Amino acid sequence: MDERSRSSSSRLLVALVTVLLFGAIVLQYVCPGSDCQLLRLGSSAPGDGGGGSPTSRAAGAGDPYVAEDGALARFVPRFHFETSDLDRVVDFNIKGDDVIVFLHIQKTGGTTFGRHLVRNIQLERPCECRAGQKKCTCYRPGKRETWLFSRFSTGWSCGLHADWTELTNCVPSVMGTREPSETRKAPSRNYYYITILRDPVWRYLSEWRHVQRGATWKASLHMCDGRAPTLAELPSCYPGDDWSGCSLEEFMVCPHNLANNRQTRMLADLSLVGCYNLTAMSENQRGAVLLESAKRNLRRMAFFGLTEYQRKTQYLFERTFRLAFIAPFTQLNGTRAASVEVAPETQQRIRELNRWDVELYEYARDLFLQRFQYARQQERREARQRRQQERRRLRAKVLPWWSGPGKGPKPTKTPQIKQSPATRPTEPKQVEVGKNQENKVEGELEDPWWGEEEEEEEDDETGTIEDYIDNVEQW
């Protein structure tokens, strides 16, 4: 009995070793080198899809965007936007004539974002930033022309914190004069406007603290319709050189304070309301026109970000312009405004003073998160297509090896029956129609795409494992 048991154990051990060696040989044949995707199924981050942006890939395990700033994983939109408003991928040609124009609104985190643009983007020809100098040289590859119009590249060429009205009338002429005379040509370039917005209450408090420390921005031009506003149209809130030491109450009671609804005013076309002439229409009518103009311009901008969503802002910028940042953005909540304790009644007064900004920010936040969800859905779709192509490649690689000479069962010959055209099967045509219908279904966006994000990620991961099992069965 002992000899029989030892012999049985030996045969079993030999069989196991043979199976392991055979499996290793098959794996090395199917997946040579280190490019085998099947070995990384268990280590893929859920929701990443294997082909995310550089930011998402660097995040490693988990989704770095879901819990940013306490945002809910599920987002319920309030506004309806067309697909053209959500699909923001521009054909930015940095080697051609295209220019990114950064509209920098005060106290929105624009200084930090502006530094990212000149110091933190992976470029064939990075911006040259010298120590002790605020401006960097951002030339195109092979040209002495700038691709970026911002505070840290071209300076305040259109005035200190120029708004939408000033930039759209000033940037083309300034860019024309900056070109060398021998390469100057007709203005045919694309201008991609970008900006950053912030919660109106915290932006307002941050501006008050900044003014309290002595900031004035008196160098701003406020050009509109070819002229600057008169002193009667834009009176000052303080008699001296600055407004340092002012209290929050003093800051709030000045009716001419440009901090009120600053984001709406700086994103709107001021020519529609007579510029700074407040007698052209009533206050409510003026505010409504400015708000609609700001919404329209924001919707048509190539990109805008939100201070409260740094990682999503980075993701959307990278996807919009096909540019990658070197280091990820960080969410810093320890600002001076955050350290100010403001009573709920005072916060409500600030919202009333900035009611147009409050409405604009709600609109912008909804559009921003819908764009993010849309981009993530597109990213998953692209990843799913890549996985399908990979599975086809693996099948095409395995089947010839399996059906090679001396491998596997020999195919049996079946008698060929001649068929008339009327009785000939039309299976290839049906397969082709099925492919077209599949592509058509994947291209449709009629179903709500914002509600089942987590379920879609789980289905993608489960489908990948099931496909892998199917492939193993075929082997």
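Is cysteine 158 buried or exposed? Select cysteine 158: at 6% relative accessibility, this residue counts as buried. Buried means under 20% relative accessible area, exposed over 50%, and partly exposed in between, with a 1.4 Å probe and protein chains only.

Before moving on, note the ground rules. This is a predicted model, where local features need pLDDT of at least 70, side-chain atom pairs count only at pLDDT 80 or more, and totals for chains, interfaces and linings use all residues. Residues are numbered from 1 along each chain as its sequence is written, and side-chain values use heavy atoms, with hydrogens and water left out.

**Stop 1: cysteine 158 and its partner**

A disulfide joins cysteine 158 to cysteine 170, S to S 2.0 Å. A disulfide here is a pair of cysteine sulfur atoms within 2.5 Å. The angle about this S-S bond is -90°, and the link of cysteine 158 and cysteine 170 is left-handed. Cysteine 158 lies in the loop between S2 and helix H5 (164-178), and cysteine 170 in helix H5, so the pair ties together parts that are 12 residues apart in sequence. Helices (H or I, at least four residues) and strands (E, at least two) are DSSP runs, numbered from the N terminus. Cysteine 170 is buried, with a relative accessible area of 17%.

**Stop 2: the loop between H4 and S2**

Select cysteine 127 and cysteine 138. Their sulfur atoms are joined in a disulfide, S to S 2.1 Å. The torsion about the S-S bond of cysteine 127 and cysteine 138 is about 115°, so this disulfide is right-handed. Both cysteine 127 and cysteine 138 lie in the loop between helix H4 (110-119) and strand S2 (148-149), so the pair ties together parts that are 11 residues apart in sequence. Cysteine 127 is buried at 13%, and cysteine 138 is buried at 2% relative accessibility.

Now select cysteine 129 and cysteine 136. They form a disulfide with sulfur atoms 2.1 Å apart. The torsion about the S-S bond of cysteine 129 and cysteine 136 is about 115°, so this disulfide is right-handed. Color by accessibility: cysteine 129 is partly exposed at 27%, whereas cysteine 136 is buried at 2%. By the disulfide rule, the count comes to 5.

**Stop 3: histidine 104**

Where does histidine 104 sit? Look in the loop between strand S1 (99-103) and H4. Histidine 104 counts as buried, at 6% relative accessibility. Show what surrounds the residue, with contact meaning heavy atoms within 4.5 Å. Leaving aside neighbours within four places in sequence, histidine 104 is in contact with Gly110, Thr111, Arg151, Trp156, His161 and Met266. A polar atom of the histidine 104 side chain lies 3.5 Å from the backbone nitrogen of threonine 111. Then draw a C-alpha to C-alpha distance to tryptophan 164: histidine 104 and tryptophan 164 are 9.7 Å apart in space and 60 residues apart in sequence.

**Stop 4: a helix crossing**

Select helix H6 (residues 200-212) and helix H11 (residues 344-353). The axes of H6 and H11 come within 9 Å and cross at roughly 95°. Axes are lines fitted to C-alpha atoms, for helices over the stretch in contact, and angles run from 0 to 180 degrees between N-to-C directions. H6 and H11 are therefore roughly perpendicular to each other. Angles under 35 degrees count as roughly parallel, over 145 as roughly antiparallel, 65 to 115 as roughly perpendicular and the rest as oblique. Show side chains: Val201, Tyr204 and Leu205 of H6 meet Gln347, Ile350, Arg351 and Leu353 of H11.

Technical notes:
Polar contact = N/O pair within 3.5 Å; in protein donor to acceptor, adjacent residues only side chain to side chain.
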